[in-house]
Amino acid sequence: MSEDRAGKLDAGKFDGLPETRRRGLEKMEEVYGFEMSDGTGDFFGYTADHLFADIWTRPGLTDRDRRLLLIGMLAGQGAADVLGIQVPAAYANGELDDEALREIVIFVCHYAGWPQGARLNSIVEETIAKAARRAARAGESS
């Protein structure tokens, strides 16, 4: 059994899968912050079984450390599509807050170039604005 995002036990969501796949899918849900399901093909298999079950769970670095490295590499490559997943997930997981994300943008601008930093800034500001809107709506409904 695993815990879902609300802390409830998810009775056997990944039961019947090999242990490595189960661990990989659970870690993927934790890292990405959204529901995962088993996939097919070698690419998905290596992603779940190796990258998430083995690499993301190794000792020595926290998830936050890994996320910082990943965001830096993605920003340097101009991979805005994947940053659009990683930045909101890091924010939602509490790994990086407004101040840290904005500081990363400044740092990236100086090492990866202004255009890469500007793309990252758009993703960061959109992530922060969406969270603020959700918080405001939640406050209105209370």
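Which residues are buried in H2? In H2, the buried residues are Phe 44, Gly 45, Thr 47, Ala 48, Phe 52 and Ala 53, where buried means under 20% relative accessible area, exposed over 50% and partly exposed in between (1.4 Å probe, protein chains only). The structure is a predicted model, in which local features need pLDDT of at least 70 and side-chain atom pairs count only at pLDDT 80 or more, while totals for chains, interfaces and linings use all residues. Residues are numbered from 1 along each chain as its sequence is written, and side-chain values use heavy atoms, with hydrogens and water left out. Helices (H or I, at least four residues) are DSSP runs numbered from the N terminus.

**Helix H1**

- Helix H1 covers residues 19-32; its 14 residues reach 20 Å from the first C-alpha to the last, close to the 20 Å expected at 1.5 Å a residue, the expected span being 1.5 Å times one less than the number of residues.
- Arg 21, Gly 24, Leu 25, Lys 27, Met 28, Glu 29 and Val 31 are the buried residues of H1.
- These buried residues pack against helix H2 (41-55), H3 and helix H4 (80-92).
- After H1 comes Gly 33, which has a positive phi near 80 degrees.

**Arg 21**

- Arg 21 lies in H1 and counts as buried because its relative accessibility is 13%.
- Apart from neighbours within four places in sequence, Arg 21 is in contact (heavy atoms within 4.5 Å) with Asp 38, Gly 39, Phe 44, Gly 45, Ala 48 and Asp 49.

**Helix H2**

- The end C-alpha atoms of H2 are 19 Å apart, which agrees with the 21 Å that its 15 residues should span at 1.5 Å a residue.
- H2 bends by about 25 degrees at Thr 47, the bend being the angle between axes fitted to the seven residues ending there and the seven starting there.
- The buried residues of H2 pack against H1.

- Leu 69 is found in helix H3 (residues 63-77) and counts as partly exposed because its relative accessibility is 48%.
- Leu 61, Leu 69 and Met 73 make a nonpolar surface patch of about 290 Å²; such a patch joins nonpolar side chains (Val, Leu, Ile, Met, Phe, Trp, Tyr) within 5 Å, from residues with over 30% relative accessible area and no salt bridge.
- Gly 78 sits in the loop between H3 and H4 and is partly exposed, with a relative accessible area of 31%.
- Gly 78 and Gln 116 are 38 residues apart in sequence, yet their C-alpha atoms are 5.7 Å apart in space.

Note on methods:
Patches are made of residues with over 30% relative accessible area and no salt bridge: like charges are joined within 9 Å, nonpolar side chains (Val, Leu, Ile, Met, Phe, Trp, Tyr) within 5 Å. Accessible areas come from the Shrake-Rupley method with a 1.4 Å probe; for residues, only the protein chains shown count as cover. A salt bridge is a side-chain nitrogen of Lys or Arg within 4 Å of a carboxyl oxygen of Asp or Glu. Helices (H or I, at least four residues) and strands (E, at least two) are DSSP runs, numbered from the N terminus.
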